[in-house]
Amino acid sequence: MKRSTKLALGIATAAGFGFAIAVAFAHPMGGPMAGAMQHGDASFADDMRLVHAMLVDNTKIKRTVTNLSDGIRTVTESDDPGVARAIKAHVASMEKRLYEGRVFNLFSPTIPVLFENRHKIKTVVETTAKGSIVTQTTDDPKVADALQAHALEVNELVRDGMAAMRRNMQARMGHTAPR
Ligand code: HEM
C-alpha cells in the first residue's frame, strides 16, 4: 500500500493540558504502523495525564543520561513522592507500549524510529524509591543513535517543561520557536 503522511490537528485539553495546543502528528499510513493511531487507545488519557504531571513539575525531576556504545542508561528521579510515582508509572507504561508496539507520541521525531525498531531494543527497567533507571541496548547503530537522541529529547523536556513541548510542537508544524 502506498505510504502517505497524514497531518491531524486536534486539541489536547481533554487529555489534561491546561492550555489548548494544536496536536500535529505525522502518521505513516499503510506501513507497518498502519492503524496504530497514537491517540485512540484505552490508556492514552492516563498516559497524557502522567506526561502533563511531569511537565508541570519538571523542576522537581533530576535526570542523568549515560551514552553506552550500544544504547543508553538513564536515571530519572524526584524527591517529590508524587512526581516519583509519575516517573515510574510513565516508564512502565511506555515500556509496555514499546513492547506491544502501541505508539505514544506527539511531536518527537525519534519515537517513531524506536517503535519501528522495537524488536531490536532490549530494555531493562529498575525502579528506585525515587524513580526509574532505564537501560536500553541494541545491535543496530542507527537504533542506538535514536535511543540516545530520544534520551536527549527527554532531557530537554525535563529542563524546560511545557516550553520544550511547545518548541517541539512548533518545530513539527514547521514554525520557528519564539525565544
Ligand atoms: C518531563 C517529561 C518526561 C519525562 C521525565 C519522561 C521520562 C521518560 C523516561 C525516563 C523514559 C525511558 C527512556 C529514557 O530514560 O530516555 C521515557 C520513555 C518514553 N517516553 Fe517519556 N518522558 C517525558 C515526556 C514524554 C512525552 C511528552 C512523551 C510523548 C508524548 C513521552 C513518550 C515516551 C515514550 C514513547 C517512551 C518510550 C521510548 C523508549 O523506551 O525508548 N515521554 N520517558
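Visitor: In what order do the four strands of the open sheet stand?
Guide: The order is S3-S4-S6-S5, and the pairing is antiparallel. Strands (E, at least two residues) and helices (H or I, at least four) are DSSP runs, numbered from the N terminus. This is a predicted model, where local features need pLDDT of at least 70, side-chain atom pairs need 80 or more, and totals for chains, interfaces and linings use all residues. Residues are numbered from 1 along each chain as its sequence is written, and side-chain values use heavy atoms, without hydrogens or water.

Visitor: What makes S3 and S5 edge strands?
Guide: Strand S3 (61-68) and strand S5 (121-128) each pair on one side only. Neighbouring strands of the sheet are turned by 10° against each other on average, direction ignored.

Visitor: How do you know that S4 and S6 are joined?
Guide: Two strands pair if DSSP finds at least two bridges between them. Strand S4 (residues 71-78) and strand S6 (residues 131-138) have seven bridges and run antiparallel. They therefore count as paired. Gly71, for one, stands opposite Thr137 in S6.

Visitor: What packs on the sheet?
Guide: Helix H4 (residues 141-160) does, touching S3, S4, S5 and S6. Contact means heavy atoms within 4.5 Å. The direction of H4 makes about 160° with that of S3. Axes are lines fitted to C-alpha atoms, for helices over the stretch in contact, and angles run from 0 to 180 degrees between N-to-C directions.

Visitor: How does the reach of H4 stand against the expected span?
Guide: H4 has 20 residues and reaches 29 Å from its first C-alpha to its last. The expected span is 1.5 Å times one less than the number of residues.

Visitor: Which residues of H4 are buried?
Guide: Among them are Val143, Ala144, Leu147, Ala151 and Val158. Buried means under 20% relative accessible area, exposed over 50%, partly exposed in between (1.4 Å probe, protein chains only). The buried residues of H4 pack against S3, S4, H3, S5 and S6.

Visitor: Why is the pair of Asp140 and Lys120 called a salt bridge?
Guide: The rule asks for a side-chain nitrogen of Lys or Arg within 4 Å of a carboxyl oxygen of Asp or Glu. Asp140 and Lys120 come to 2.8 Å, N to O, so the pair passes. By this rule the count comes to 14 salt bridges.

Visitor: Is Asp140 buried or exposed?
Guide: Asp140 has a relative accessible area of 15%, so it is buried. Lys120 is partly exposed, at 42%.

Visitor: What makes Asp41 and Arg102 a link between distant parts of the chain?
Guide: The two form a salt bridge, their closest N and O atoms being 3.8 Å apart. Asp41 lies in the loop between strand S2 (25-29) and helix H1 (44-56). Arg102 lies in the loop between helix H2 (81-100) and helix H3 (111-116), and 61 residues separate the two. Asp41 counts as partly exposed, because its relative accessibility is 22%. Both also belong to a salt-bridge network with Asp47, Lys96, Arg97 and Glu100.

Visitor: How do you know that His90 is a donor of the iron atom of the ligand?
Guide: Donors are N, O and S atoms within 2.8 Å of the metal (3.2 Å for Na, K and Ca); water is not among the atoms, so sites may look incomplete. NE2 of His90 lies at 2.1 Å, so it qualifies. His90 is the only protein donor of this iron atom, and it lies in helix H2.
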